[in-house]
Amino acid sequence: MGDDKKSKAPTAEVLDRLHATVLSRKGADPETSYTAKLFSRGTSKIAQKVGEEAVEAILEAVRGDKAALASESADLLYHLMVLWADAGLEPAEVWEKLAQREGTSGIAEKKSRKA
Ligand SMILES: N=c1c2ncn([C@@H]3O[C@H](COP(=O)(O)OP(=O)(O)OP(=O)(O)O)[C@@H](O)[C@H]3O)c2ncn1[C@@H]1O[C@H](COP(=O)(O)O)[C@@H](O)[C@H]1O
C-alpha cells in the first residue's frame, strides 16, 4: 500500500475530467462557480475570454517564460473547453479531427486546397 503514495504524472486525460466538470456547471450558481458565471454571461463573453487567454499565452511564449506559458496555456484550454460546452461541441469531435489529420503533412494539405 505504501507505494500507492506516489501519484502518477498528470496526462491529457485531465481534459476529459475537466469537460465533465464544465458540463456539470451548466445551470449551477454563478455566485459559487466561475464556469456557471461564464455560461450565464453568454457566448460572446466566453469567446472574448478565449481570445484574451490566447493573447496572454502567446505573449509569454514570446517572452520566453516557460512556466508562465504553461499557466496561460491551462487558462486557454479551460476557457476553450467552456466555449465548446457552450456550443454543444464534444471534445471527442475535436480529438476525431486531430486523429483524422495524423500522418498528413500540413504542407501537403495546404497544397491540396490550392489545387
Ligand atoms: N481550470 C479552471 C480554470 N482556469 C482558470 N480559471 C479561472 O478563470 C478566471 C480567469 O480570471 P480573469 O481575471 O481572466 O477573469 P475575470 O476577471 O474573472 O473575468 P473578466 O472580468 O475578464 O470577465 C479566474 O477566476 C480563474 O480562477 C478556472 N476556473 C475553473 N477551472 C476548472 O473548472 C472547475 C470548476 O470551477 P468552478 O466552475 O469555478 O466551480 C475547477 O475545479 C477547475 O478544474
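## Ile 46 and its contacts

Setting aside neighbours within four places in sequence, Ile 46 is in contact with Leu 38, His 79, Val 82, Leu 83 and Asp 86. Contact means C-beta atoms, placed from the backbone, within 7 Å of each other. Residues are numbered from 1 along each chain as its sequence is written. This is a predicted model: local features need pLDDT of at least 70, side-chain atom pairs count only at pLDDT 80 or more, and totals for chains, interfaces and linings use all residues.

## Nonpolar core

Ile 46 also belongs to the largest nonpolar core. The eight residues are Val 22, Leu 38, Phe 39, Ile 46, Tyr 78, Met 81, Val 82 and Ala 85. α2 and α4 are the elements that give two or more residues to this core. α4 gives the most, with four.

Such a core is a set of buried Ala, Val, Leu, Ile, Met, Phe, Trp, Tyr and Cys residues joined through C-beta atoms within 7 Å. Buried means 20 or more other C-beta atoms within 10 Å of the residue's own; exposed means 12 or fewer, and partly exposed lies in between. In soluble globular proteins, nonpolar side chains tend to be buried together.

## Ligand shell

The ligand is surrounded by Leu 18, Thr 21, Arg 25, Ser 33, Tyr 34, Thr 35, Ala 36, Asp 75 and Tyr 78 (C-beta atom, placed from the backbone, within 6 Å of the ligand). Tyr 78 is listed in the core too.

At least two shell residues come from each of α1 (13–24), α2 (34–41) and α4 (66–87). α2 gives the most, with three. Helices are DSSP runs (H or I, at least four residues), numbered from the N terminus. By class, the shell has four nonpolar, three polar and two charged residues (nonpolar: Ala, Val, Leu, Ile, Met, Phe, Trp, Tyr, Cys and Pro; charged: Asp, Glu, Lys and Arg; polar: the others, Gly among them).

Gly 42 sits in the loop between α2 and α3. Gly 42 counts as exposed because it has 11 C-beta neighbours inside 10 Å. Its C-alpha atom is 9.6 Å from that of Leu 83, 41 residues apart along the chain.

α3 (residues 43–63) has 21 residues. Gly 64 follows α3, with a positive phi near 80 degrees.

## Confidence

Mean pLDDT (the predictor's confidence in each residue, from 0 to 100) is 92 for the protein, and 94% of its residues reach 70 or more. Over residues 1–5 the pLDDT is below 50, and this stretch has zero contacts in the model beyond near neighbours in sequence. The model scores ipTM 0.94 and pTM 0.91.

Definitions and conventions
The expected span of a helix is 1.5 Å times one less than its number of residues. Two residues are in contact if their C-beta atoms, placed from the backbone, lie within 7 Å.
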